[in-house]
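Subject: Structure for you to look at

Hello,

Here is the structure I said I would pass on. Please open it first and keep it beside you while you read the notes below.

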Amino acid sequence: MKNQAKTEHYIKVEHTFSPIYDKESEILILGSFPSVKSRENQFYYGHPQNRFWKVLAEITNHTIPVTVEEKKQLLQKNHIALWDVIQSCSIIGSSDSSIRDVKVNDFSKIWKTANIKKIYANGTKAYELYKKYAFIQTKREIEKLPSTSPANAKYQMEQLCQEWKKMFQ
């Protein structure tokens, strides 16, 4: 019996939830585009295996947030804004490597409200997308942090936390 590969197709997807920020935000963390799980949950880093919320809790000496409200409070308490580079794209599942037909988010509303001093990319793909599509609009530099995705097996939790602590130095 032959193995048949599951055929997946590109779908055009819009980012449907808002950035998290306020006038106290000084750090902006950008992902590439929400995963299927995050889109289902209508909030950032919704896949239970993604280490984003665990890393943030660890480096801020906070308990791991569970609810959306707890996650927002963790961000706001630490002056962190959170969004994604992409407003819409064609994508296969949650695969960052499949992203095409990119429409970048308009960051001007964050700049008008928040006092962002540093921008960080959660992983290489977010960094590359920002440099390619958003930098021309923002004229603001971005620093790359290792991805918190479970696909980034190269980094153990302790190593991720060491790298991510750089946001507060």
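The notes below go through the strands, the core, the aromatic rings and a few single residues. Please keep in mind that this is a predicted model.

The parallel strands

I started with strand E2, which covers residues 27–31. Because 5 of the 5 residues of E2 are buried, the strand is largely enclosed by the rest of the structure. The cover is on both faces: Ile27, Ile29 and Gly31 lie on one side, Leu28 and Leu30 lie on the other, and all are buried. In a regular strand, side chains alternate between the two faces of the sheet.

E2 has two parallel partners in these notes. With E3 it pairs over 5 bridges in the parallel sense. Along that pairing, Ile27 stands opposite Ile80, and Ile29 stands opposite Leu82. With strand E6 (residues 118–122), E2 pairs over 4 bridges, again in the parallel sense.

The antiparallel sheet

There is also an open sheet of 3 strands, in the order E1-E4-E5, and its pairing is antiparallel. Its edge strands are E1 (11–14) and E5 (100–104), each of which pairs on one side only. From one strand to the next, the twist averages 10°. Helix H5, residues 124–138, packs on this sheet and touches E4 and E5. The direction of H5 makes about 35° with that of E5.

E1 and E4 (residues 86–91) run antiparallel and are joined by 4 bridges. Within that pairing, Ile11 stands opposite Ile91 in E4. Gln87 also has its place in E4. Is Gln87 buried or exposed? Its relative accessibility is 18%, and the cut-off for buried is under 20%, so Gln87 counts as buried. Leaving aside neighbours within four places in sequence, Gln87 is in contact with Val13, Glu14, His15, Phe33, Lys103, Val104 and Asn105.

The core

In soluble globular proteins, nonpolar side chains tend to be buried together. In this model the largest nonpolar core has 47 residues. Trp53, Leu56 and Met167 are the residues with the most contacts inside this core. Helix H2 gives the most to the core, with 5 residues. Apart from its neighbours within four places in sequence, Leu56 is in contact with Ile29, Leu74, Leu75, Ile80 and Met167.

The aromatic rings

How many aromatic pairs does a search of the whole structure find? The search finds 9. In one of these, the rings of Phe52 and Trp53 have centres 4.8 Å apart and planes at 90°, so the pair is edge-to-face. Phe52 and Trp53 are both buried. In another pair, Phe107 and Trp111, the ring centres are 6.1 Å apart and the planes are at 25°, so the pair is stacked. Phe107 and Trp111 are buried too.

Phe52 and Trp53 also belong to one aromatic cluster, together with Phe17, Phe43, Tyr44, Tyr45 and Trp164.

Two charged side chains sit over rings. The charged end of Arg140 is over the ring of Trp111, 3.8 Å from its centre. The charged end of Lys131 is over the ring of Phe135, 5.0 Å from its centre.

Two loop residues

Finally, two residues other than glycine have a positive phi. For Asn61, phi is near 55°. Asn61 lies in the loop between helix H2 (52–59) and helix H3 (68–77). With a relative accessibility of 74%, Asn61 counts as exposed.

For His79, phi is near 60°. His79 is in the loop between H3 and E3. Its relative accessibility is 32%, so His79 counts as partly exposed.

Regards

Terms used: Residues numbered from 1 in each chain as written. Predicted model: local features only at pLDDT ≥ 70, side-chain atom pairs only at ≥ 80, totals over all residues. Heavy atoms only, no water. Pairing = 2+ DSSP bridges. Phe/Tyr/Trp six-rings, centres within 6.5 Å; stacked < 30°, edge-to-face > 60°. Buried < 20%, exposed > 50% of the residue type's maximum accessible area, 1.4 Å probe, protein only. Lys NZ or Arg CZ within 6 Å of the ring centre and 35° of its normal. Axes fitted to C-alpha atoms, helices over the stretch in contact; angles between N-to-C directions. Contact = heavy atoms within 4.5 Å. Core = buried A, V, L, I, M, F, W, Y, C linked by side-chain atoms within 4.5 Å.
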